[in-house]
Amino acid sequence: MRVPVIVEHAPSPPTALHRTAVPATPTTIAAVRTALPPHRYAQEALTEPIGDLCLLPGADRALLRRLHASAGVRTRHLALPIERYAVLGDFGHSNDAWMAAGLELGEEALTGALHEAGLGPADVDLLVCASITGVAAPSLDARLAGRMGLRPDVKRLPVFGLGCVAGAAGLARVHDYLRGHPDDTAVLLTVELCSLTLQQGDDSRANLVAGALFGDGAAALVARGSGSARPDAAGPFVVATRSRLYPDTEQLLGWDIGAGGFRVVIDAGVPGIVRDHFGRHLRAFLAEHGLTIDDIGTWVCHPGGPRILSAVSDTLGLPGNALDSARRSLAAVGNMSSVSVLHILQSIRESRRPEHGTWGLLLAMGPGFCSELVLLRW
């Protein structure tokens, strides 16, 4: 494998302005809600059925079984009962299933998040909707607008192509919008039905890894600008964000799109990019705000898989339990692509709300190859 060479300029030293703890127009996270399909399976119950889908009769299943055993996943939720995947047929049928299940889950997540925030559909000024596991025009957000009673003048932004990073990048772009529209309410909705992209008859390692790792779900996050946030909102609020594209890495992660739909690309070089470059960028971002890794009390890290989590932990020198929330999410529901960081954020808000003043960092990586950082404070 060719290892990309990345040449960068050193960041400027932090200034007093960079150390500002709270932005002039903070974005408050008012609610986060996840919706999961009803079809829940233990990992070991999926191994042989997925082998039946991906492998030829009589093929050696040793690699498949090792991947399922080492994925860090105990249970997953699927958009359909497992026996239905063998009869899906072509990409059109898979995409129809994505649309039907995606609308149901999207509505459930969005309804729950708005209820948690004490709002209704008519209060939404911007709806950002991200998915990389299906396509539609009109998009999911347009179909949900009429279905749920959003205002006719709601601003919509459907997003395709960000993949696993979309939960973090979507929150960052919502923050950008609310800085300019502080009296507004914005919603990020992510819908990922990864199981519907599994390629039948494809015994490539990437397809087998995807079959061992990914799960299905949707999540909605309600964010409010400084002029509309309730004073009793649990938070956290967004302090700053940072996007990063890594040159010459486009081939590492994404889709090969063909007649069969979305064929996953997962290169073994991804953890190496994380180890070699991610830590430097993250430290420079924190330094601009007068912070170090030791100042971060809560880590909301996309659970790309055990090797990715180990690479992040190693390159940052994190304590052994720093990414436990990501590992618990991976074990309970698998890697849900863009939904995962929101699932983790919800669990943190519900189970052990950080003390006031605690710094947090929400982070994810995705196709591009790219990373997104969102600095939080409770």
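Which loop does Pro138 lie in? I looked, and Pro138 sits in the loop between β4 (126-130) and α4 (140-148).

**Ground rules.** This is a predicted model, where local features need pLDDT of at least 70, side-chain atom pairs count only at pLDDT 80 or more, and totals for chains, interfaces and linings use all residues. Residues are numbered from 1 along each chain as its sequence is written, and side-chain values use heavy atoms, with hydrogens and water left out.

I found another cis bond between Gly368 and Phe369, where omega is about -20°. Phe369 belongs to the loop between β12 (359-366) and β13. Then I checked Asp248, which is not a glycine but has a positive phi of about 60°. Asp248 is in the loop between β8 and β9 (253-258).

**Helices α1 and α2.** I looked up how α1 (residues 43-54) packs on α2 (residues 62-70): the angle is about 150° and the axes are 10 Å apart. Axes here are lines fitted to C-alpha atoms, for helices over the stretch in contact, and angles run from 0 to 180 degrees between N-to-C directions. So α1 is roughly antiparallel to α2. The cut-offs I wrote down: under 35 degrees is roughly parallel, over 145 roughly antiparallel, 65 to 115 roughly perpendicular, and the rest oblique. The crossing of α1 and α2 is right-handed. For handedness, I look at how the near helix is turned from the far one: anticlockwise by less than a right angle is left-handed, clockwise is right-handed. On the α1 side, Gln43, Leu46, Thr47, Glu48, Ile50 and Gly51 make the contact, and on the α2 side Leu64, Arg65 and His68 do; contact means heavy atoms within 4.5 Å. I sorted these residues into three nonpolar, four polar and two charged.

**Helices α9 and α10.** How do α9 and α10 lie to each other: roughly parallel or roughly perpendicular? The axes of α9 (residues 324-333) and α10 (residues 340-351) come within 10 Å and cross at roughly 115°, so the two are roughly perpendicular. Ser325, Ala326, Ser329 and Val333 of α9 meet Ser340, His343, Ile344 and Ile348 of α10. I counted four nonpolar, four polar and no charged residues there.

I worked on a 1 Å grid over the protein atoms alone: a cavity is a set of points where a 1.4 Å probe fits but cannot get out, a pocket is an open set with protein on both sides within 12 Å along at least five of seven lines, and lining residues have an atom within 4 Å of a point. The largest pocket has a volume of about 950 Å³. Of its 48 lining residues, Val209, Leu213, Phe214, Ile266 and Gly304 are the closest to the centre. Helix α6 gives the most to this lining, with eight residues. The largest cavity holds about 40 Å³. Volumes are the space filled by probe spheres set on grid points, which are joined across faces, edges and corners. Arg242, Arg244, Tyr246, His281, Ser371 and Leu373 line the largest cavity.

Methods:
Helix = DSSP H or I, 4+ residues; strand = E, 2+ residues; numbered from the N terminus. Nonpolar A, V, L, I, M, F, W, Y, C, P; charged D, E, K, R; others polar.
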